[in-house]
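Welcome! Here is a short briefing to read alongside the sequence and the 3D view.

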Amino acid sequence: MQEELAGLQSALLNTENVEQFLHELAVLSTRVVGDGLCCGMTLRQHGRQPVTAACTDPLASQADDIQYRMGDGPCLHAMRGGERVRIDDMARHHRWSRFCRQAVSLGIRSSLSLPLITGDVPVGALSWYARRPHAFGPAETRRAEDFAEHASGALALARRMASCSDLNDQLRSSITSRAVIDQALGVIMATERCAQDEAFALLRTVSQNTNVKLREVAATIVTNVSGKPPRPTSPFEEG
């Protein structure tokens, strides 16, 4: 855990903006908790609908979005109640049966959601999703709880380092980037005839090999296919 915490500190000190820091935090969390997981970070924004500010895989954002549309689910319950929510098998869980049915249709079989708390107030949640049931045993849960505690402190510092308006701008950019990336993934899946996670891996490889941001690579792919640059709608309401 010490190595991962050092990585958390490095991300806080060396990332250029809040958007990048949140993404690095989500990625680091999957390395800490266990193999084969994806993670989504839900943040509460001044009474507006919660948003997934960062995710490691489109699957996590899809699972989060289902809960936002329903107005309930494990990640929202963790954020609102400030408590841990673990689902060992989506196919056998009954509390959020509608969400679980849709999660299973996406290939998700288990999840773990933990609150992000700053100043004793839940401000968001980290949610890990797995394609296999019972993916979160005592060891994984303990590592997740330790990470969430330290991530909460890092998030509080990041929020203080950015003005409220800057944070909102960064979150808008994060959600917009995610929409463009999702469009590009659809193109890759159609042309390469591959699954979503394979398409995302291809996109990240191109980004890393060319040293071009993921969103810019995705925008180029969409523009080449459609002939026009992507214009995703931001989910944030003005005013």
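**A serine and its surroundings**

The side chain of S110 comes to 3.5 Å from the backbone nitrogen of A135, a polar contact (a pair of N or O atoms within 3.5 Å; within protein, one must be able to donate a hydrogen and the other to accept it, and residues adjacent in sequence count only if both atoms are side-chain atoms). This is a predicted model, where local features need pLDDT of at least 70 and side-chain atom pairs count only at pLDDT 80 or more, while totals for chains, interfaces and linings use all residues. Residues are numbered from 1 along each chain as its sequence is written, and side-chain values use heavy atoms, with hydrogens and water left out.

**More about S110**

- S110 belongs to strand β4, residues 110-118 (strands are DSSP runs of E, at least two residues, numbered from the N terminus).
- With 0% relative accessibility, S110 is buried (under 20% relative accessible area, with a 1.4 Å probe and protein chains only).
- Beyond its neighbours within four places in sequence, S110 is in contact with several residues, among them I87, M90, W128, Y129 and F136 (contact means heavy atoms within 4.5 Å).
- D88 is 22 residues from S110 along the chain, yet their C-alpha atoms are 5.0 Å apart.

**The cysteines**

- The structure has zero disulfides (pairs of cysteine sulfur atoms within 2.5 Å).
- C38 is in no disulfide, and the nearest cysteine sulfur, that of C39, lies 7.9 Å away.
- C38 is buried, at 6% relative accessible area.
- C55 is in no disulfide either, its nearest cysteine sulfur being that of C38, 8.4 Å away.
- C55 is buried, with a relative accessible area of 14%.

Notes: Buried < 20%, exposed > 50% of the residue type's maximum accessible area, 1.4 Å probe, protein only. Helix = DSSP H or I, 4+ residues; strand = E, 2+ residues; numbered from the N terminus.
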